[in-house]
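Me: I have a structure open and want a quick tour of its side-chain contacts. Can you walk me through it?

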Amino acid sequence: MKSFLLVALLHISFLTIAQPTGVINGTIKDKKTQEPIPSVSVTLEGTTKGTVTDVDGNFRLDNIPPKTYNLKVQALDYKPQVIYNVVVTSGNAQVLGIEMEANNISLNEVVVRTNPFQKSAETPLSIQSLSAQEIKSNPGGNFDVSRVIQAFPGVGGTSGSVGGYRNDLIIRGGAPNENVYYLDGIEVPVINHFATQGSAGGPTGIVNISFIEDVTLYTSAFPSKYDNPLSGVLQMKQRKANPDKVQGNVRLSATEVAVTADGPINNKLSFLASARRSYLQFLFQALQVPIQPSYWDFQYKLDYKINKNLSFYTLGIGAIDDFSFLTPKEQTPENIYVIRSNPTIKQWNYTNGYGLKGLMKKGYWNLTLSRNMLNNQLDRFEDNQNPIESQRILRIRSTEAENKMRFEFNKFYNNWSYSWGVVAQYGQFENEVFSRVRAEIKDANGQLLQPAFIINANTSLNLWRYGAFAQVARSLFKDRLNLSFGLRTDGNSFTTDGNNLGNTLSPRLAASLLVIENLKFNASLGRYYKMPTYTVLGFQTAGVSVNQNSRYIQSDHAVAGFEFIPKAGMRFTVEGFYKMYDFYPISAVDGISLANKGGDFSVLGNEPVTSTGKGRSYGLEFQFQQKFTKNIFAILSYTYYKSEFTNANGLYTPASWDNTHLLSFIGGYKFRRNYELGVKFRYQGGAPYTPFDMAASQRNYLSTGVGINDFSQFNQLRLGSFHSMDIRLDKKWNYKKWSLDLFLDVTNVYGSVQPEYPRYTFQRTADNTAFQTTDGQPVRNDGSNAVPLILRETEAVIIPTIGFIVEF
């Protein structure tokens, strides 16, 4: 009997020891001063596990059974806070950076409601945030920040209006180039592979989600420290490395493989590092898809704590992209169009930054230095399968480089806060461009039908950019009313009026009023400026910079709305917005505003322009958001808006991004035994488009590979509406020192036919060996005997993806 009990006890002990567990550690700081907070109570909801932070604000919870938790933090004189959706596995430790807000309201005066939704006096509205876990588990998101945030109100994308192959961000009706992106305070101009130069979008992002702690999106009420936003600021914050040991993970999906690692180098220095490689080209080759995209991307960060008040970091992010073509076995009209209408792309980019952060009494300062560079090479021929120099349509050899310095000073005193700063950057732009807009066309008798129009320029541009900003905020009536005022100005050494800082004075005012318990009224007014892109400023004709007199683009915002938080983790918002634009560049070539361009794989801005365009965008947004509670999380948003810009004729017409209706839902449920189901639904109203000039298209197709738009009917037609549902199922297994996450992700699960812009081409012969003609003879140079064909998307594409993530 004693032997039996001894064996049983040993067996139970073995099972207890072998039971996989996970770790949560992190640091808690004051949101304003950035000082560590000691003696903070940290507890896991639904368990008896808890601890308190040490003198440096650090905490650690270990031996945690793997599952999803909410983490509650409480401290004297601070508002209690809940960190939602913390996924604990036995593979990687969860490393959290938590910021607590001082509580200026007496507990017996009003109930202090925990608010996990990031707000500030400077930006009391038009701001959204997502945790890394909410991004990772997003169905159809492919671990891509840009795709995930399209669930927010007012945020759409060209992915909805042109078939789902790009992730350009369309925020409240603005163009894709109106947004700026920051990673840990360092501006990152390029966040996508195969990025459109002069704009921002591309088919997939380059930021590694494994390193992201949270992302914050501003859609108005921009703090004055950000320069150049007209529609949005996307701020990405990286997490700290695991302080205990080196850890890593490997992610494998149908399109790519990624490897990441992080951990301590010594007690003051830690690192994050990752690399990712696509192998989509091999899949496309097997399926005989004519495009061959290939890419690498890399990311790193080093954190060094010099002393308790001074810290240093350096980070880097970059990509190498190659886009070419495969000659398919079947020369269908669809395949031929893809090959003839797109350029080959060789592109690389990087951003490297250094930051120094110093704490002081009731404040802190930041100094950052960074360099970013983009090298872009595009080639296009009448026949990309058999390139001949005399048939060249496009050749671009372009580089952009910027060296930046930013200093920011923040101070807090009682109910006042103020900040100021300066920025300076030196930009270099080299651009060789040959663009055959139209070829010379003659009829069968040699009669000239159309003269050639060619843009041939070689540009070298060097310029200084500089700016200064200040912001002051005040809380009144025991935090019931918060007011903020900011001012910014920017200049440059190149444009005609670039040194006139009065032209870019951009004031902004925000207010937040607690109407009744848990209900706030928020409002903001602001003027914002954006310098035209280097591709616009650097364009030259016969050695003359024809766009040197370009103005900064101006946008005035007026926003107001209500925020209601009925209980912890739940929020309802309603906001109305009105945006007005002035001095928008209009192309002198086709008379179209650049606000309507930038959603393809070309280059935005390589043309003469005039700063005479105007625009307006206005609408109403609604959002419901539920943080992870009782195994459920959800975001539901709807936006009604109109977006219009003027072209050379001075008339307001629907913008290319004027979808009118945006509806999105993202939700998830976490089952027992580490199963998780995610669902995403999106609906966008039909995007405007311009019909073809059929005669010009037939005459030019052989030399351009695309149809010619009839700009006298600009955006007078609309595509059908876009709607799609994606689902994702995850199952996690936890072992003693590693974990496995197996996922199935299905995009467009119910087979919706996605709208795409019509594509002009010529009909092929029955054997697909040549273009069909009306007289049986080879197609003439002017296309007069060809048979026009308009391609439209008629088949649904369902994309299932199986992948796994191993953490160790």
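Predicted model: local features only at pLDDT ≥ 70, side-chain atom pairs only at ≥ 80, totals over all residues.

Me: Start with rings. How many aromatic pairs are there?

Reply: The count comes to 29 aromatic pairs. One of them is tryptophan 348 with tyrosine 350. That pair is stacked, with 6.3 Å centre to centre and 5° between the planes.

Me: What about tyrosine 701 and phenylalanine 762, how are their rings arranged?

Reply: Those two rings are tilted. The centres are 4.8 Å apart, and the planes make an angle of 55°.

Me: Where do they sit in the chain?

Reply: Tyrosine 701 belongs to helix 8 (residues 694-704). Phenylalanine 762 belongs to strand 45 (residues 759-762). They are 61 residues apart, so the pair links distant parts of the chain.

Me: And how accessible are tyrosine 701 and phenylalanine 762?

Reply: Tyrosine 701 has 0% relative accessibility, so it counts as buried. Phenylalanine 762 is also buried, with a relative accessible area of 0%.

Me: Which residues make up the aromatic cluster with Tyr701?

Reply: One cluster is formed by Phe692, Tyr701, Tyr760, Phe762 and Phe771.

Me: Which side chain does threonine 761 make a polar contact with?

Reply: The side chain of threonine 761 contacts the side chain of tyrosine 701, at 2.8 Å. Threonine 761 is in strand 45. Its relative accessible area is 0%, so threonine 761 is buried.

Me: Switching to charges over rings. What lies over the face of phenylalanine 143?

Reply: Arginine 251 does, at 4.3 Å from the ring centre. There is also lysine 670, which lies over the face of phenylalanine 628. Lysine 670 is 5.3 Å from that ring centre.

Me: Now salt bridges. How many?

Reply: The count is 42 salt bridges. One of them joins the side chains of lysine 79 and glutamate 101, at 3.7 Å from N to O.

Me: Where are lysine 79 and glutamate 101?

Reply: Both are in loops. Lysine 79 is in the loop between strand 5 (67-74) and strand 6. Glutamate 101 is in the loop between strand 7 (94-100) and strand 8 (127-131). The two residues are 22 residues apart. Glutamate 101 is partly exposed, at 36% relative accessibility.

Me: What does lysine 237 form a salt bridge with?

Reply: Its partner is glutamate 99, with the closest N and O atoms 3.8 Å apart. Lysine 237 is in strand 16 (residues 232-238), and glutamate 99 is in strand 7. That puts the partners 138 residues apart. Lysine 237 is partly exposed, at 26%. Glutamate 99 is partly exposed as well, at 27%.

Me: How about aspartate 227 and arginine 488, what holds them?

Reply: Their side chains meet in a salt bridge, at 3.9 Å from N to O. Aspartate 227 lies in the loop between strand 15 (212-218) and strand 16, and arginine 488 in strand 29 (residues 481-492), so the bridge ties together parts 261 residues apart in sequence.

Me: Are aspartate 227 and arginine 488 buried or exposed?

Reply: Aspartate 227 is buried, with a relative accessible area of 4%. Arginine 488 is at 2% and counts as buried.

Me: Which residues are joined into one network with them?

Reply: The network holds Glu187, Asp227, Glu402, Lys404, Arg406, Arg465, Arg488 and Asp490. Salt bridges that share partners join them.

Me: How many bridges join strand 2 to strand 3?

Reply: There are 3 bridges between strand 2 (residues 41-44) and strand 3, which run antiparallel. Serine 41 stands opposite valine 52 in strand 3.

Note on methods: Residues numbered from 1 in each chain as written. Heavy atoms only, no water. Phe/Tyr/Trp six-rings, centres within 6.5 Å; stacked < 30°, edge-to-face > 60°. Helix = DSSP H or I, 4+ residues; strand = E, 2+ residues; numbered from the N terminus. Buried < 20%, exposed > 50% of the residue type's maximum accessible area, 1.4 Å probe, protein only. Lys NZ or Arg CZ within 6 Å of the ring centre and 35° of its normal. Pairing = 2+ DSSP bridges. Salt bridge = Lys/Arg side-chain N within 4 Å of Asp/Glu carboxyl O. Polar contact = N/O pair within 3.5 Å; in protein donor to acceptor, adjacent residues only side chain to side chain.
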